[in-house]
Amino acid sequence: LGGCPIDRRTPMVALTPLCQDQGICITSDAYTCDENGGVMTSGTAWVGILGLMIMAIMIAYKSRLAFVAGIGFVTAISWFRNTAITYFPDTVEGDNRFDYFVKVVSVEPIDMVLAPFTGELGEVGLALFTFLYVDFLDTSGTLMGLTSAMGYVDEEGNFPRSRQAFAADALSTMFGSIFGLSPVTSFIESGAGVEMGARTGLCAVFCSLFFIISIFFAPIIASIPPWASGGALIIVGALMSRSLKEVKWHNPTHAISAFLTVMVMPLTYSIAYGLIAGIGSFLIMEGTFFLLAFVGIKKPVYDDEDDMPNQVNDEKEEKEVEGEDAEAEEAPEEPKKEELELEA
């Protein structure tokens with residue numbers, strides 16, 4: 001969304017020995033506003049927040065046009081030049097964007113249909129293994145998140161026709177690599193369609209038709225600013241987080257592995273790393289319990305939240321006991337049976 005204006009942004013660099021000694025540094029798209037100030041003073045940040053609120057309010061009214069209206073509104077007002085929120089600033093980059101935008105329709109030439117292949121297969125094994133687990137875990141997390149939002153996941157964590165879904169994803173990835181494309185796989189951005197009501201493959205068919213049309217209108221599609229679509233992804237993440245209520249938070253093994261999964265994903269920009277952290281911590285804890293069982297230490301079992309040993313529950317029980325004692329002291333002592341008979 002852009003937290004501070006462009007003129008106040010300090011690019012993040014990789015502090016390598018070459019950067020320290022010779023000043024040759026590699027910058028990234030990430031930046032910080034701490035050096036020059038101006039945090040949350042960028043116009044694009046506030047316009048993005050405005051679009052987020054528009055979409056959130058329309059979703060509250062169950063409007064299926066929420067994302068279209070929010071993204072469309074922010075995009076439209078960002079196309080005017082000479083404004084603080086324009087996507088086409090008076091810079092070389094802004095002029096190049098605008099020159100491409102005014103084409104409206106453009107068909108780019110296809111110079112190379114197939115990717116350049118090489119016969120050097122010395123490190124292909126490591127590359128295959130890396131792509132395998134990254135793509136597999138990314139796809140698993142995406143499909144599970146989407147089907148969970150649809151309500152198709154059963155009590156055992158499975159969803160219908162999962163084999164066909166994984167097979168289609170794998171085949172698309174393999175054929176896409178032949179043409180030198182980035183992984184043709186399922187992406188979490190599909191959650192926007194799911195939240196708007198998509199439940200069948202017919203939605204994917206229509207999306208593919210729109211993708212074909214977008215090939216010819218690439219100048220228009222490429223000119224949608226990131227602060228226009230960023231709000232939609234925030235809403236998708238917020239709505240999909242409701243599945244966290246299914247986590248057994250009273251069980252430390254489940255709670256810690258789930259928390260690591262949720263936190264590592266955004267911090268490392270990778271679903272795969274998040275799943276590795278969550279699954280790894282779960283296996284380590286469960287493996288430790290299994291080994292300790294051989295020396296007579298039983299595995300801890302928590303049937304419900306009342307069985308969770310924590311300070312809150314202990315303090316609650318102590319207060320209940322103290323309250324019962326106080327009530328017993330305040331209650332008047334009832335006369336004994338013998339005393340009543342003597343009074344009679």
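**The nonpolar core and its surroundings**

Guide: Happy to! The largest nonpolar core has 13 residues, and Met55, Ile59, Phe67 and Ile235 are the ones that touch the most other members. Four helices each supply at least two residues of this core: helix 2, helix 3 (66-78), helix 5 (124-150) and helix 10. Of these, helix 10 gives the most, with 4 residues. Please keep in mind that this is a predicted model.

For context, the chain holds 14 helices and 2 strands. Buried residues account for 24% of its 344 residues. Among contacts between residues at least 6 apart in sequence, 62% join residues at least 24 apart.

Helix 2 (residues 43-60) packs with helix 10 (residues 226-240) at an angle of about 45 degrees, and their axes are 8 Å apart. That angle makes helix 2 oblique to helix 10. The crossing of the two is right-handed. On the helix 2 side, the contact is made by Thr44, Val47, Gly48, Leu52, Met55, Ala56 and Ile59. On the helix 10 side, the residues are Trp227, Ala228, Gly231, Ala232, Ile234 and Ile235. By class, the residues of this contact divide into 10 nonpolar, 3 polar and no charged. Met55, Ile59 and Ile235, all named in this contact, are also among the core residues that touch the most other members.

Now for helix 2 and helix 3. Here the axes come within 8 Å and cross at roughly 155 degrees. The two helices are therefore roughly antiparallel to each other. Helix 2 passes helix 3 in a right-handed crossing. Helix 2 brings Val47, Leu50, Gly51, Ile54, Met55, Met58 and Ile59 to this contact. Helix 3 answers with Ala66, Phe67, Ala69, Gly70, Ile71, Phe73, Val74 and Ile77. These residues divide into 13 nonpolar, 2 polar and no charged.

The axes of helix 11 (residues 252-268) and helix 12 (residues 271-293) come within 7 Å and cross at roughly 160 degrees. Helix 11 and helix 12 are therefore roughly antiparallel to each other. The crossing in which helix 11 passes helix 12 is right-handed. From helix 11, the residues in contact are Pro252, Thr253, His254, Ile256, Ser257, Leu260, Thr261, Val264, Met265 and Thr268. From helix 12, they are Ile271, Tyr273, Gly274, Leu275, Ala277, Gly278, Ser281, Phe282, Met285, Glu286 and Phe289. This contact divides into 12 nonpolar, 8 polar and 1 charged.

Ser270 sits in the loop between helix 11 and helix 12. At 14% relative accessibility, Ser270 counts as buried, because the cut-off for that class is under 20%. Leaving aside neighbours within four places in sequence, Ser270 is in contact with Asp138, Val264 and Met265.

A few other loop residues round out the tour. Glu35 lies in the loop between strand 2 (26-32) and helix 2. With a relative accessible area of 62%, Glu35 is exposed. Glu35 and Arg9 are 26 residues apart in sequence and 8.0 Å apart in space, C-alpha to C-alpha.

Asn82, in the loop between helix 3 and helix 4 (92-101), has a phi near 60 degrees, a positive value in a residue other than glycine. Asn82 is exposed, with a relative accessible area of 63%. Val104, in the loop between helix 4 and helix 5, has a phi near 65 degrees, again positive in a residue other than glycine. Val104 is partly exposed, at a relative accessible area of 35%.

Definitions and conventions: Residues numbered from 1 in each chain as written. Predicted model: local features only at pLDDT ≥ 70, side-chain atom pairs only at ≥ 80, totals over all residues. Heavy atoms only, no water. Axes fitted to C-alpha atoms, helices over the stretch in contact; angles between N-to-C directions. Parallel < 35°, antiparallel > 145°, perpendicular 65-115°, else oblique. Left-handed = near helix turned anticlockwise from the far one by under 90°. Contact = heavy atoms within 4.5 Å. Nonpolar A, V, L, I, M, F, W, Y, C, P; charged D, E, K, R; others polar. Core = buried A, V, L, I, M, F, W, Y, C linked by side-chain atoms within 4.5 Å. Buried < 20%, exposed > 50% of the residue type's maximum accessible area, 1.4 Å probe, protein only.
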